[in-house]
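Have a look at the picture first, and then we can walk through it together.

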Amino acid sequence: MPADLPGIVRLRDRREALTLRTILTAARGLFAERGYARTPIRLIAQEAGVSPQTIYAHFGSKAGVLGGLVDLLDDEAGIPDLVAEAQRTEDPVALLGLLATVARQVRERCGDIVTMLGSGAAVDPDIAATQAEGARRNRLGVEMVVGRVRESGRAVVPRAADIAVALMSAGVHTSLVAEAGWSHDDYEAWLKDTLVTSLLR
């Protein structure tokens, strides 16, 4: 009998995925509570109920765990589903609305990760590198959507991707939601309208 039956492989994959998520969830809480620099792998392992060797095997280092939080952010914010929807959508207004949804869901569901990366990037090179990777992914997504708008035949303003990235920034969200008291619904609606009026010709 084969050693790796399909059902066993799927079960093993599910267990591994659960272990990875457990480690990342533990790290997420500890980084927020103690700070990245003051959270050793040993403590993450203890919180996650795994051995330090398991963390090193999956992530290689504490910086690797931090990088895994960017993947967790993408997953929890529903980025893969929104990207798939953007690839199916041809309406320019709907496409820009997806960017507003991305910005809303990233901050609403993963604001703690965004805040941790933003506050720590200036003082820790690991955090700075992870924040840069998150920014790179965000820009690639924005450029993909702007490209889809162009493919639809609708003209956009010069530097449309740059403008969209600026409007979607954490600072704008903080100003409107955290400081001015807007709801996330209000923020998303405003951002969609602003992207449409600012980018489309």
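## A first look

Gly118 counts as partly exposed because its relative accessibility is 41%; here buried means under 20% relative accessible area, exposed means over 50%, and partly exposed is in between, using a 1.4 Å probe and protein chains only. Gly118 is found in helix α6. Between the C-alpha atoms of Gly118 and Arg15 there are 32 Å in space, and the two are 103 residues apart in sequence.

Before going on, a word on what you're looking at: this is a predicted model, in which local features need pLDDT of at least 70 and side-chain atom pairs count only at pLDDT 80 or more, while totals for chains, interfaces and linings use all residues. Residues are numbered from 1 along each chain as its sequence is written, and side-chain values use heavy atoms, with hydrogens and water left out.

## The whole chain

What is the chain built from? Its secondary structure comes to 10 helices and zero strands. Helices (H or I, at least four residues) and strands (E, at least two) are DSSP runs, numbered from the N terminus. Taken along the principal axes, the C-alpha atoms fill a box of roughly 60 × 50 × 30 Å. The chain has 201 residues, and 39% of them are buried. Contact means heavy atoms within 4.5 Å. Among contacts with a separation of 6 or more, 66% are between residues 24 or more positions apart.

## The largest pocket

Rolling a probe the size of a water molecule over the atoms shows where empty space is left. The largest pocket has a volume of about 830 Å³. Of the 36 residues that line this pocket, Leu73, Val106, Arg107, Gly134 and Asn138 are the closest to its centre. A pocket here is an open set of points on a 1 Å grid over the protein atoms alone, where a 1.4 Å probe fits, with protein on both sides within 12 Å along at least five of seven lines; lining residues have an atom within 4 Å of a point. Grid points are joined across faces, edges and corners, and the volume is the space filled by probe spheres set on the points.

Which helices supply the lining? At least two residues each come from α4 (62-76), α5 (79-88), α6 (92-120), α7 (125-151) and α9 (170-179). By type, the lining divides into 21 nonpolar, 11 polar and four charged residues. In this count Ala, Val, Leu, Ile, Met, Phe, Trp, Tyr, Cys and Pro are nonpolar, Asp, Glu, Lys and Arg are charged, and the others, Gly among them, are polar.

## Where α6 meets α10

Helix α6 also packs against helix α10 (residues 184-199), at an angle of about 140° and with the axes 8 Å apart. Those axes are lines fitted to C-alpha atoms, for helices over the stretch in contact, and angles run from 0 to 180 degrees between N-to-C directions. On the α6 side, the residues in contact include Val93, Leu96 and Leu99, while those of α10 include Tyr187, Leu191 and Leu195. The residues of this contact divide into 10 nonpolar, three polar and five charged.

## Around α2

Helix α2 (residues 41-48) has Ile41, Leu43, Ile44, Ala45 and Ala48 as its buried residues. With a relative accessible area of 13%, Ala48 is buried. Leaving aside neighbours within four places in sequence, Ala48 is in contact with Thr22, Ile23 and Ala26.

Another positive phi, about 55°, belongs to Arg159, although Arg159 is not a glycine. Arg159 lies in the loop between α7 and α8 (160-167). Is Arg159 buried or exposed? Arg159 is exposed, with a relative accessible area of 67%.

## Some pairs to compare

Here are a few C-alpha separations to look up in the model.

| Pair | Apart in sequence | C-alpha to C-alpha |
|---|---|---|
| Glu143 and Gly49 | 94 residues | 40 Å |
| Ala48 and Glu85 | 37 residues | 34 Å |
| Thr174 and Arg107 | 67 residues | 9.1 Å |

Glu143 lies in helix α7, and counts as partly exposed at 38% relative accessibility. Thr174 has its place in helix α9, and is partly exposed too, with a relative accessible area of 33%.
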